[in-house]
Amino acid sequence: MDEPDGGVLSHAEFCYRSQHEYAAAIVAFVQTGLTAGEPVMVAVPGAKGGLIGDRLDDLPGEVVFTDMAGLGRNPARIIPEVQAFLDKHPGQRVRYVGEPIWPGRSAAEICEAARHEALLNLAFAQAPMTILCPYDASGLPGSVLADARRTHQEPAASGATGQTWRDNLPPRCDQPLSPPPAEAEVLCYDTDLALVRRLVAGYARRAGLDAERIVDLVLAANEIAANTISHTTGTGVLHIWDTPEEVVCQVHDQGEITDPLAGRVRHGPDDRGHGLWLVNQVCDLVELRTGPAGTTVRMHLRRAR
């Protein structure tokens, strides 16, 4: 990839076909940064970090490794962690390796990770940062690789705004979510959040979630339903259902979320906007669709952490 100048964001994808190619390219990327005195954050899934770290043992400089399988389980959690790393190094250019998509992720997870990749261009448009995102060209479908080319294309990666970042967003990321299954339980609510909490807790208990996971799901559903009451004049509709792998809770109302980074930016204790942030922290995946026709938030909690 071309090396950037000054404070311009550089956000490039790297398609690899072997572990050797993968490790060699990322090690070279990290070494270039360390030689220039740039701190580096590497977020790759599982044991892949060892492929890189073992080759960097004797190099001076700061390299922080994070398991993307944990951090990026819900892709909406990634940007805040990258921002925190950037904030630790004011006045410095930093490097970030992020691999949020890998073979075996669900279609919904891949879609939200592609949205995350597009949002990187907005969140760090003016940041002194060099980002490299690896993609397994031997294991991922061609459609995913095509989305990667779109989310990493210039010029949006070096000057995105609240409007132009969508030029990088794959169209399927804004398609309406599939309808809830016919067997889902349904609740229309207006001002009584106790009904929401009671339905979600009871369903999650019957579905076999453990106590801690039930608390997380009730908190998430309550926060989104509270937004209906606070920010719209109509009622909301909640659906909840389960699969062998997870429990899914969806809330729809007539409001519209205009900030594309909502829920991905840490707010101060006295600021508004904590609800969606909390939801992203406790859920394994959050799908959000919003527009003039209303907002749908679909929250996933796996049966096992």
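**Strands, sheets and a helix pair**

Mentor: We start with one residue pair of this predicted model: Gln250 has Arg298 in strand 10 as its bridge partner.

Trainee: Over how many bridges do strand 8 and strand 10 pair?
Mentor: Strand 8 covers residues 246-253 and strand 10 covers residues 294-302. Gln250 and its partner Arg298 in strand 10 were named above. The two strands pair in the antiparallel sense, and the number of bridges is eight.

Trainee: Are helix 7 and helix 8 roughly parallel or roughly antiparallel to each other?
Mentor: Helix 7 (residues 193-206) packs with helix 8 at an angle of about 150°, and their axes are 9 Å apart. Angles over 145 degrees count as roughly antiparallel. The two helices are therefore roughly antiparallel.

Trainee: How many nonpolar residues are in the contact of helix 7 with helix 8?
Mentor: On the helix 7 side, the residues include Leu193, Val196 and Arg197. Those of helix 8 include Ile214, Leu217 and Asn222. By class, the contact has one polar residue, two charged residues and, as asked, twelve nonpolar ones.

Trainee: In the parallel sheet, which strands are the edge strands?
Mentor: That open sheet has five strands in the order 1-5-4-2-3. Its neighbouring strands are turned by 15° against each other on average, direction ignored. Pairing on one side only marks the edges, which are strand 1 (10-16) and strand 3 (63-67).

Trainee: What is the bridge partner of Ala43 in strand 3?
Mentor: Strand 2 (residues 40-44) pairs with strand 3 in the parallel sense, over five bridges. Within strand 3, the partner of Ala43 is Thr66.

Trainee: What angle does helix 4 make with strand 4?
Mentor: Helix 4 (residues 78-87) packs on the sheet and touches strand 2, strand 3, strand 4 (94-98) and strand 5 (129-136). Its direction makes an angle with that of strand 4 of about 155°.

Trainee: What radius of gyration does the chain have?
Mentor: The chain holds nine helices and ten strands. Its C-alpha trace spans about 60 × 35 × 35 Å along the principal axes. A compact globule with 305 residues would have a radius of gyration near 19 Å, and the chain agrees with this at 20 Å.

Note on methods
Residues numbered from 1 in each chain as written. Predicted model: local features only at pLDDT ≥ 70, side-chain atom pairs only at ≥ 80, totals over all residues. Heavy atoms only, no water. Axes fitted to C-alpha atoms, helices over the stretch in contact; angles between N-to-C directions. Helix = DSSP H or I, 4+ residues; strand = E, 2+ residues; numbered from the N terminus. Parallel < 35°, antiparallel > 145°, perpendicular 65-115°, else oblique. Contact = heavy atoms within 4.5 Å. Nonpolar A, V, L, I, M, F, W, Y, C, P; charged D, E, K, R; others polar. Pairing = 2+ DSSP bridges. Rg over C-alpha atoms; globule rule 2.2 N^0.38 Å.
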